[in-house]
Every structure is written in structure tokens, then in C-alpha cells.
Amino acid sequence: MKMLGLAMMCLMGAAVAAEKKSQPKWEIRTRTLLHAEGYPDSRKTWGIGEWVELKVVPETPDYVEWVTEGDVAVTNRFGNPSILMVGSDGGAISLSVTVHDAPQANKPAPKSPEAGNKWRRLAAELPALEIMADKRGDFDACCATLFKGLYPINERSAIEAEDMAFFIQLLKETDRMALVLPSSMWWSKIRGTVAEAAGQRLAVCLDSTADKSKLQGEFWTLLRACVTNVESLKTQLQNAIAEFESIIDPQEKNQNGRNAAATALDNHLSTLPFLLYVQIRNALPDAPVGELKNALREHGFSKDEIVLLMGAAK
């Protein structure tokens with residue numbers, strides 16, 4: 001995570017009590033999540049890529065809705081605590097909170113057929129990659145074109161336009177293809193980008209679900225697919241490193257580019273587990289670690305999968 005500099009943000013806290021109701025004066029408290037539970041942080045400005053826990057105190061049994069303006073995303077708008085992710089464009093950020101008497105939920109915008117086209121196009125082109133797997137030049141060129149077609153990478157409207165089942169299938173397909181395709185830089189970037197988009201699709205689901213006890217089964221199925229995908233990416237990273245190290249000729253090594261593939265995979269793997277951990281935190285707001293683990297067991301996660309997710313916060 002880039003913790004300092006670059007597009008610092010301003011925080012303006014405001015608490016609004018529900019109409020015709022006597023309530024104490026609410027206060028917004030924040031702490032930056034530096035991959036460590038309980039890390040103290042009272043800053044009110046943050047850098048690009050930071051995750052910040054938001055909390056209304058004193059705690060309330062009512063329903064908290066976070067309202068933001070600017071380059072920032074609250075991955076769970078209806079929750080206390082919730083978690084905010086700092087964006088990349090900079091500028092001042094406006095942050096406020098409303099406390100409701102009853103559960104609220106974000107009304108998703110009407111789906112635009114155009115918004116999700118880039119993910120559909122990628123899925124449609126994947127079979128062509130297998131055909132040219134043994135033609136390295138053609139394979140790399142095709143991957144580069146497909147990757148560039150995914151910009152802007154974390155465009156919410158495009159991610160929201162696709163349903164959960166689509167991303168579940170897309171992850172499974174890229175995992176399968178990784179067993180037969182070469183570890184090129186562009187293919188690695190495609191895989192990492194798909195993994196991040198799937199994690200963000202979980203966040204979109206949480207953002208529109210005020211009552212987290214009513215999360216649908218597809219949320220947990222997609223989360224499991226994301227965890228399986230992380231393990232697949234780790235295997236691809238190990239293979240990319242091994243293939244690169246097996247090259248003896250320095251000139252061939254310089255031209256091969258598998259070190260670039262390993263770098264791309266490593267960059268994604270440095271943040272993906274934490275992205276998924278954040279979604280669990282938001283699915284079970286304020287739950288202790290033991291409760292989080294029990295919930296994951298109940299939804300069929302293995303011991304190793306739970307270790308991977310919980311270890312992301314350390």
C-alpha cells in the first residue's frame with residue numbers, strides 16, 4: 001500500500017441524527033488499517049491506496065449510512081464500522097454519516113449493457129488464447145490487447161453491471177487456463193485484474209445490502225472462488241519464477257520476460273488477500289476474529305483458506 005504522499009485527502013466529519021428522535025451527538029472516528037488489527041491511527045488525511053476504518057461513536061443499534069463525495073469508495077456503505085478505500089485522483093473528500101431508524105439499502109443503478117461489455121469481451125476471447133498458447137508472440141500480443149481493453153481497471157459501473165455468477169465463472173475459467181497457458185507478463189496482468197474486479201464485485205454486493213444477515217449464497221460462493229483464485233495465482237507465480245531461473249543464457253533471460261510476469265503477479269498478490277479480508281469484515285461488522293472464523297467454516301471454507309484470509313490482517 002502506498003501510505004504517504006500523493007493526493008492527500010481532507011476529512012470533514014458531520015453526524016446527522018434521525019428526524020424527530022432524541023439522540024446523542026455522533027462522532028466519526030477513523031483508523032488506518034496497516035495489515036494489523038488494532039493499529040492506532042488518529043490521522044484525518046490519508047494517501048492513495050490506504051484502507052481506513054470508519055466508525056460512529058457512541059455505538060448505536062440503528063442503521064448507519066456513510067455518504068461520501070470525491071475519489072473514495074466505502075466498500076460497505078451501510079455498516080458500523082465500515083471501511084473506506086482511498087482513490088487515486090486526489091482532491092478534497094467530503095464524508096458524513098446519517099443514522100436511520102430502519103435498514104436502508106442502496107438502490108442499484110439500472111444495468112447498462114455497455115457498462116459490462118469489456119468483461120464480456122474478455123470472457124469471449126479467452127478460448128482464442130488457448131489456441132495460440134504455443135505461439136508465444138501471437139499469444140503475448142493478444143493478451144496485451146485484451147488487457148488494455150479492460151481500462152479503466154476498477155470502473156465500478158462495469159463491475160456492477162455483471163452479476164455475481166459471471167465473476168464466479170470467469171475466475172474458474174482463468175484458473176483452469178492457467179494450467180496450460182505460458183506465464184507471460186500480459187496474461188499475468190489479466191489474471192490479477194480479473195481477481196481484483198471479482199473482489200470489488202463482493203464490495204458492490206455489500207454496499208447494496210443493509211442487513212448483512214440476508215447476504216445471498218452467491219456472496220460466499222464468489223468469496224470462495226476468489227480465495228481459490230489467489231491460490232492459483234500463487235502457483236502461477238512460483239512457476240513463473242522457476243521458469244525464469246531455469247534460463248541459463250543471459251540474453252535469452254533478458255528477452256524472455258518471465259521476471260516481468262512474476263513481478264505482475266507478486267504485485268497483485270500483495271494486496272488481494274487484504275481486499276478479500278476487508279469484505280469479510282464488512283459482511284460481519286464488528287465481529288471478533290473467532291466469530292469470523294466460525295462464519296467461514298459454516299460456509300465451507302477450509303482451514304487453509306481461513307488462515308489465508310485471516311492472515312491478511314497481520
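1. A residue is called buried here when its relative accessible area is under 20%. The model under review is predicted, and the points below should be read accordingly.

2. Helix H9, residues 272-283, is mostly covered: by that definition, twelve of its twelve residues are buried. From first C-alpha to last, H9 reaches 17 Å, close to the 16 Å expected at 1.5 Å a residue.

3. Helix H10, residues 289-298, has Leu292, Ala295 and Leu296 as buried residues. Viewed down the axis of H10, its buried residues fall within an arc of 100 degrees, so they line one face of the helix. In general, an α-helix has 3.6 residues a turn, so residues three or four places apart point the same way. The partners of the buried residues of H10 are helix H6 (217-245), H9 and helix H11 (303-311). After H10 comes Gly300, whose phi is positive, near 85 degrees.

4. Four strands form an open sheet in the order S2-S3-S6-S5, and their pairing is antiparallel. Strand S2 (27-32) and strand S5 (72-74) stand at the edges; each has a single partner strand, so one side of each is left without a neighbour in the sheet. On average, neighbouring strands of this sheet are turned by 30 degrees against each other, direction ignored.

5. S5 is joined to strand S6 (residues 82-86) by three bridges, and the two strands run antiparallel. Within this pairing, Val72 stands opposite Val86 in S6.

6. How many disulfides does the model contain? The count comes to zero. A disulfide is a covalent bond between the sulfur atoms of two cysteines. For a pair to be counted, the sulfur atoms must lie within 2.5 Å. The sulfur of Cys143 has its closest cysteine sulfur in Cys142, at 6.0 Å, which is too far for a bond.

7. Are Cys143 and Cys226 buried or exposed? Cys143 is buried, with a relative accessible area of 0%. Cys226 is likewise buried, its relative accessible area being 4%. Both values fall under the 20% cut-off given at the outset.

Notes:
Residues are numbered from 1 along each chain as its sequence is written. This is a predicted model: local features need pLDDT of at least 70, side-chain atom pairs count only at pLDDT 80 or more; totals for chains, interfaces and linings use all residues. Side-chain values use heavy atoms; hydrogens and water are left out. The expected span of a helix is 1.5 Å times one less than its number of residues. Buried means under 20% relative accessible area, exposed over 50%, partly exposed in between (1.4 Å probe, protein chains only). Two strands pair if DSSP finds at least two bridges between them. Axes are lines fitted to C-alpha atoms, for helices over the stretch in contact, and angles run from 0 to 180 degrees between N-to-C directions. The arc is that of the directions from the helix axis to the C-beta atoms. Contact means heavy atoms within 4.5 Å.
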